[in-house]
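Subject: Structure handover

Hello,

Here is the structure you asked for. Please look it over first, then read the notes below it.

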Amino acid sequence: MIYDLHAHSNASDGVLAPRELVQAAQIAGVGALALTDHDTTAGLAEAAVAAAAVGIELVAGVEISATAAGRTVHVLGLGIDPSAPALAALLAAQSAARFERASGINTALMRAGLRDCWEVALACAQGGTLGRPHFARALVATGQVPDEKLAFKRYLGAGCVGDISCDWVPLAAAVAAIGAAGGIACLAHPCKYKLTRTRLLALLEQFCDAGGGGLEVRSGQQAEPETRDLCIIARKFGLAASCGSDFHDPAQPWQALGRAWPLPVEATPVWSRHALGAGPN
Ligand code: MN
Ligand code: MN
Ligand code: MN
């Protein structure tokens with residue numbers, strides 16, 4: 001069975017509604033799908049209904065932005081109970097921080113000479129959590145940039161005017177809230193942080209001390225040697241291995257559903273270590 005334990009719906013910055021995402025996963029041959037929207041569990045109930053209808057296993061998940069050693073990292077919570085009070089409280093605080101940041105992004109873009117695209121970005125988010133991809137889509141929709149990749153390159157990517165920092169929760173708080181909700185915390189896409197080896201190992205030490213249990217050793221946009229290396233690192237730290245496409249949009253084939261499969265044979269899969277459940281009750 002194909003596991004894809006990292007995917008986004010339009011409850012955050014994905015383009016498909018939760019039910020459409022589940023249908024796309026089934027068509028891609030995925031047997032177990034985790035919906036891991038950024039700092040929200042709002043799509044889980046709809047996804048669970050759709051998953052039951054098409055006969056795939058839905059893993060209730062979330063991707064929490066957190067601060068560790070002055071940088072932003074992403075922590076996946078897999079097999080969570082979305083109604084757990086500590087997790088719900090943390091996500092409510094995060095969504096307030098996200099809204100503040102979104103407003104800062106819009107202001108920064110206008111200062112850089114672009115036209116106000118707040119309303120369009122809000123419309124792109126369709127009531128979901130606002131993030132940089134929504135501003136990328138809004139800049140394209142208002143004819144200010146030809147495509148989303150350029151929007152990131154010129155205005156929203158790391159170091160650009162719209163790359164506004166945000167006060168995310170500390171790493172330990174994110175891991176603790178996931179644990180309190182019955183889930184296993186997995187550090188998402190470790191290669192994306194572009195850390196030196198020393199810094200990555202230091203981050204993982206901190207992550208393990210906080211109670212983190214898994215490492216996403218295979219991600220949609222990742223080369224094979226990196227996956228093998230991450231397997232070795234996971235083993236060294238006693239972390240279980242997770243895999244997920246980080247799917248957002250059918251137009252981005254490098255993050256296609258089911259693409260981050262299989263796990264290398266030497267990996268200890270996260271689902272063999274921790275019951276991931278079948279979605280919210
Ligand atoms: Mn995203
Ligand atoms: Mn991420
Ligand atoms: Mn993601």
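A word on metal sites first: donors are N, O and S atoms within 2.8 Å of the metal (3.2 Å for Na, K and Ca), and water is not among the atoms, so sites may look incomplete. The model is predicted, so local features need pLDDT of at least 70 and side-chain atom pairs count only at pLDDT 80 or more, while totals for chains, interfaces and linings use all residues. Residues are numbered from 1 along each chain as its sequence is written, chains are lettered from A and ligands numbered from 1 in the order in which they are written, and side-chain values use heavy atoms, with hydrogens and water left out.

The metals

The manganese ion (ligand 1) and the manganese ion (ligand 2) lie 5.7 Å from each other. Histidine 38 is in the loop between β2 (30-35) and α2 (44-54), and histidine 248 is in the loop between β8 (240-244) and α10 (270-273), so that the pair links distant parts of the chain, 210 residues apart. Helices (H or I, at least four residues) and strands (E, at least two) are DSSP runs, numbered from the N terminus.

Buried here means under 20% relative accessible area, exposed over 50%, and partly exposed in between (1.4 Å probe, protein chains only). Histidine 38 counts as buried because its relative accessibility is 9%; histidine 248 does so at 12%.

The manganese ion (ligand 3) is 4.6 Å from the manganese ion (ligand 1). Its protein donors are His6 (NE2), His8 (NE2), Glu63 (OE) and Asp246 (OD), 2.1 to 2.2 Å away. Because histidine 6 belongs to strand β1 (residues 2-7) and glutamate 63 to strand β3 (residues 57-68), this pair ties together parts that are 57 residues apart in sequence. Histidine 6 and glutamate 63 are both buried.

The chain as a whole

The protein chain has 10 helices and 8 strands. Of its 281 residues, 55% count as buried. Along the principal axes, its C-alpha trace spans about 50 × 45 × 40 Å. Contact means heavy atoms within 4.5 Å. Among contacts in the protein chain between residues at least 6 apart in sequence, 71% join residues at least 24 apart.

Regards
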